[in-house]
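Please open the structure in your viewer and keep the selection tool at hand.

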Amino acid sequence: MTPSRIFRILATLPVLMAALSLSAAEPEDSFTFLISPAVADTVTAPAPDSTAVAAPPRRGGKIVIADIDPEILTRRVIVGRDTVNFIIPQRNYGRYDRGLFNFLFIPRGQWQFGLTASYGQLSTEDVQILSMLNNLNLKGTLYTLKPTVSYFFNHNQSIGLRFTYSRGELDLTGLSVDIDDDMSFSLSGVSYYSNSYTGSVFYRNYVGLSEQKRFAVFNEVELGVGSGASRFKRLYNGEPRDTRTMTTKLGLNFSPGVCVFIMDNVCFNVSFGVFGLHITHEKQVTNGVEEGTRTSSGANFRFNLFNINFGLGVNI
């Protein structure tokens, strides 16, 4: 045995002595690698770690992120001679249950009669705008009537008919425009008149927001056909000209809104026109001579401040 090998053996002796002293200090049953079947049945699982994240609760296979009183889910109310669910069953296509439900707002079998009306008037006399517009004399009126009748064929769902009449008048008796020496003119004797009739069928779906059955939002789809005429009179080269336009229009409109019951059977509605499709056919005649026809179509997707409707409804 070489001296180097003897030196390595002596260097490892303290490490071996320390390992033997530690193993002797440990109890014999501190580590159990095999458990007999009889003993395994009595072994309990260790307590779960308090820092572990609990699995989110589920309802109907959806992750619940906003819980409500479970009693509401099974509550039933008496409507006429029937007993119906207080929450209208609807399919949830998402992954989460946010606690949002369609509460019963207007039950099936009711009739609703409504009226929407608007009126506006504009009048100016000898108005001056900056230094360019002088002697502005303008008078105009516009009003609209919309009676409706609808029937609730299902809870919170109705289908109905609407008739719309609109009329507008505008008279410009004087206007002077002076921009510079080379651009100045005046207008007088200009008038515009229009009226239209529209009949439509609509479908409205309500979503009840609370248990009190007072507030709801709705979405309305309306298909309407209308006809109207307008008349534009003015002076052209010192001679009067009378232009008449006959219009036929087909439109499909989508209007969300809010409904509030101010009394037991009286509700207040506000709707906003945000999306629509239309096809319009126009025919124009000037001084009894046909000038031409035009057919146009289009779509709009915007929030129109001039297409806000306020109305009252009576439920029977």
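In which strand is the place of Thr 148? Select Thr 148 in this predicted model: the residue belongs to strand E9, which covers residues 133-154. Thr 148 is buried, as its relative accessible area is 18%. Now display its surroundings. Apart from neighbours within four places in sequence, the contacts of Thr 148 are Gln 112, Phe 113, Gly 114, Leu 161, Arg 162 and Phe 202.

Two of these partners deserve a selection of their own. Arg 162 lies over the face of Phe 202, 4.4 Å from the ring centre.

Next, remain in strand E9 and select Tyr 143, together with Tyr 165 in strand E10 (residues 157-180). The ring centres of Tyr 143 and Tyr 165 are 6.3 Å apart and the planes meet at 55°, so this pair is tilted. Tyr 143 is partly exposed at 28% relative accessibility, whereas Tyr 165 is buried at 16%. Tyr 165 also forms a tilted pair with Tyr 197, with 5.1 Å between the centres and 40° between the planes. Tyr 197 is located in strand E12 (residues 190-208), 32 residues from Tyr 165.

Then select Phe 105, Phe 152, Tyr 206, Phe 218 and Phe 261, which form one aromatic cluster.

Finally, select Cys 259 and Cys 267. How many disulfides does the structure hold? The number is zero. The sulfur of Cys 267 is the nearest cysteine sulfur to that of Cys 259, at 3.9 Å; a disulfide requires sulfur atoms within 2.5 Å, so Cys 259 is in none. Cys 259 is buried, with a relative accessible area of 0%.

Definitions and conventions
Residues numbered from 1 in each chain as written. Predicted model: local features only at pLDDT ≥ 70, side-chain atom pairs only at ≥ 80, totals over all residues. Heavy atoms only, no water. Helix = DSSP H or I, 4+ residues; strand = E, 2+ residues; numbered from the N terminus. Buried < 20%, exposed > 50% of the residue type's maximum accessible area, 1.4 Å probe, protein only. Contact = heavy atoms within 4.5 Å. Phe/Tyr/Trp six-rings, centres within 6.5 Å; stacked < 30°, edge-to-face > 60°. Lys NZ or Arg CZ within 6 Å of the ring centre and 35° of its normal.
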